[in-house]
Amino acid sequence: MLSSENPTPGNDDQVSGHGMWSSRMAFILAATGSAVGLGNIWRFPYVTAENGGGAFVLIYLVCIAAIGIPLLMSEILVGRAGRHSPINSLKQLAQRSQRTWRWMFVGVLGALIGWMILSFYSMVAGWTLAYGWHYLGEIFSSTTVALDPDGKFDDLLASPGALIFWLTLFVTLSVGIVALGVEKGLERAVRILMPMLFVLLLLMVGYGMASGFFQQTLSYLFTPDFSKVDGNTILQAMGQAFFSLSLGMTGIMAYGAYVPRDVNIGKTAGIIALADTGVALLAGMAIFPIVFAHGLSTGEGPGLIFVTLPYAFADIEFGNILGFSFFLLLAVAAWTSAISLMEPAVAYLSESKRFSRLSAAVTVGVATWVLALGSVFSMNIWSGYTIGGKNFQELIEYIASNLLLPLGGLATGLFVGWVLSRVIVREQLSELSDGQYQLWRFLVRYVGPVLVFVVFLSAAGVI
Ligand code: PHE
């Protein structure tokens, strides 16, 4: 994967000073690792449930196709053309295009969003570790613990000590990998573990199919009822599309800097988006049959998978082994996403020369941990403090995912569509035919920005 043993000065457009992916496959794995994570398996089902199902899913898919894929290509190409951290790539490319260096603030915004997202993300990844540990215990205890999913989840949330323990473990693991540079070990792990997660998910979908509630699930997910849609639903669907594809916070741009010159950006972006969307839809098909079978509320919120899946694991033979594997693999998926949330800030700090890669990673890790305490406490001792009905964690998640990610994406789209020199852009997308290029350009220049803008206005109640 990214080999940092051999830092080549990043002063031409062939290599980055931070190292390079060893192949096209390595980049696809890393970017898919970034995209596929808690966003697909934890967030997609519960946000879909909160927004009434079918119509939300349809709008989400439209956002992926019309805004997501073109922007995914844009982030990769900015990274590869700039070959630096997102902040410095944006600055240098703006200057090379005879525009103001201030475009670098899009990168600053991205690094800040990454920090905000990583805070609550790490807490939730901590929940998955706690669940994995619980199932491991069940494997070794001869008694099958009678499972009360709701009670178990509530107990976990009520304990700041336990939450902080698992949070700290997860942040430490993420800092460790980012500090090492993304090395062969991770590439190998991702190559094996991600397909395993996929297979387990398919197994859970199989369980859902046998449950008698699969038909209901399909119509819930794929029959749009537009009477439930308002500006805020569309905003949430768009936010989820950005979140799931890791867009708008320059993480993919950071990874793009390490992409070899011969990689076909359009094709690669398509593969990443397909894998990401496939996993989200499968997660929905695995989880909703359980919700319906047990008469659970679709308004469970962030706890949805943590209170539904245990019903299935309690029911299936060897459920504790499956439960252990599932939550462990989910934690791995979260891990490969977390490192991309840190990479923009870490790359920038280490380029500034005052930080080594290690000290940059530790700094970002500590800052994340501190902010994450706010999310931890909002589950228990601070749960009474809310603004507009949202506690601290919900507020950070809403602002970062639904407002700032689309805003960052809008800015990136404007940069690539209107600021960056056309020669640079066309050269990066040389594999596209003229027709494909024109379509991409139209989507990036007009469709994306107008949609984001209109959705903002409508969610704010202006239109
Ligand atoms: N895409 C990741 C997921 O779905 C989360 C993420 C968001 C990662 C933004 C990087 C940037 O879990």
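In this predicted model, the shell around the ligand is made up of six nonpolar residues, eight polar residues and no charged residues. Of the 14 residues around the ligand, those that come nearest are Ala35, Gly39, Tyr121, Phe243 and Ser246.

On the backbone side, an N or O atom of Ala35 is placed 2.9 Å from an oxygen atom of the ligand, and a polar backbone atom of Gly39 lies 2.8 Å from a ligand oxygen atom. Tyr121 contributes through its side chain, a polar atom of which is found 2.5 Å from an oxygen atom of the ligand. The ligand taken alone exposes 320 Å², and 100% of that area is buried by the protein.

At the level of the overall fold, the protein comprises 18 helices and zero strands. The radius of gyration is 21 Å, close to the value of 23 Å that the globule rule gives for 463 residues, and the protein is therefore as compact as a globular protein of that length. The C-alpha trace extends over about 65 × 50 × 40 Å along its principal axes.

How values were computed:
Residues are numbered from 1 along each chain as its sequence is written. This is a predicted model: local features need pLDDT of at least 70, side-chain atom pairs count only at pLDDT 80 or more; totals for chains, interfaces and linings use all residues. Side-chain values use heavy atoms; hydrogens and water are left out. A residue is near a molecule or strand if one of its heavy atoms lies within 4 Å of it. A polar contact is a pair of N or O atoms within 3.5 Å; within protein, one must be able to donate a hydrogen and the other to accept it, and residues adjacent in sequence count only if both atoms are side-chain atoms. Accessible areas come from the Shrake-Rupley method with a 1.4 Å probe; for residues, only the protein chains shown count as cover. Ala, Val, Leu, Ile, Met, Phe, Trp, Tyr, Cys and Pro count as nonpolar, Asp, Glu, Lys and Arg as charged, and the others, Gly among them, as polar. Helices (H or I, at least four residues) and strands (E, at least two) are DSSP runs, numbered from the N terminus. The radius of gyration is taken over C-alpha atoms; the globule rule is 2.2 Å times the number of residues to the power 0.38.
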